[in-house]
Amino acid sequence: VPFNPNDDAVAAGGGIAIDENSGPILVQNLIINNQADIGGGVFLNSPQTSAASVMVNNTIADNSSTRNIGSQLLAAGFDPFTSASELFNNIILGAGAQNAFYCSSGSPLFEGNDVFSDGGISYDGGCDPAIEAKNISADPLFADALSKDYHLLAGSPAIDSGINSAPDLPASDYYGAPRIVAGVPGCPAIIDAGIAEFQPVNASPGPCPTLSPTATPTATSTPT
């Protein structure tokens, strides 16, 4: 089904709907078990003339789109392929055979995220292909999503995959554990993607992950 932003009959953003000029800062939210026609988890409409939205270290999973247009996240209004909005270190996990992240046109600043759909397409629509090199696409290996436990298991590719210089980083994770912890003992401390920071216990030393490039966030304006 083609995306039609002018279809007033479409329900968008089952968990959160962000319209132009709102410019929220969303940090470390668990957005799950929602449904909408488009943007099952989050609908982000952010034209270049609108206030910048920031999304950092959120986990968006187990949502659904009745039209398979962004089961977890739909980004609209990013044309051309630049925007003041920024998304860092989020886990965006598609539901079933649905796409995970759908761009109606272009993409926001998007780095250090894990975007994955086991049975569908991870990136769909008009997402800029260049952003895939700055993010990962792999099963984040949640501890027990059925019981709403979104901690990361040992070996999760989301461990040490984020951007330490992302804006608005909290000192602790969603569960109250310290943030920016080395997932591998003896290696540099790198933030994990998603709401939970893996806390290694009796972990064996191993190869150190590659440090992600330093992000260059744009200045965010305050809505009036």
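Which residue in strand 10 does V54 stand opposite?

Analyst: V54 stands opposite E86 in strand 10. The model is predicted, so local features require pLDDT of at least 70 and side-chain atom pairs count only at pLDDT 80 or more, whereas totals for chains, interfaces and linings use all residues. Residues are numbered from 1 along each chain as its sequence is written, and side-chain values use heavy atoms, with hydrogens and water left out.

The V54 position belongs to the pairing of strand 6 (residues 54-56) with strand 10 (residues 86-88), two parallel strands joined by 3 bridges. Strands here are DSSP runs of E with at least two residues, numbered from the N terminus, and two strands pair if DSSP finds at least two bridges between them.

Strand 1 (residues 16-18) is joined to strand 5 by 3 bridges, and A17 has F43 as its bridge partner. Strand 5 pairs with strand 9 (residues 73-76) over 4 bridges, again in the parallel sense; there V42 stands opposite L73. In a regular strand, side chains alternate between the two faces of the sheet. Buried means under 20% relative accessible area, with a 1.4 Å probe and protein chains only.

The whole structure contains 5 aromatic pairs, where ring centres must lie within 6.5 Å and planes under 30 degrees apart count as stacked. F101 and F110 form a stacked pair, 4.8 Å centre to centre with 25° between the planes. F101 is buried because its relative accessible area is 0%, and F110 is buried because its value is 2%. Together with Y123, F101 and F110 form one aromatic cluster.

Finally, S161 is found in the segment after strand 17 (149-152). S161 counts as buried because its relative accessibility is 12%. The S161 side chain reaches the backbone oxygen of A158 at 2.8 Å.

Technical notes
Buried < 20%, exposed > 50% of the residue type's maximum accessible area, 1.4 Å probe, protein only. Polar contact = N/O pair within 3.5 Å; in protein donor to acceptor, adjacent residues only side chain to side chain. Phe/Tyr/Trp six-rings, centres within 6.5 Å; stacked < 30°, edge-to-face > 60°.
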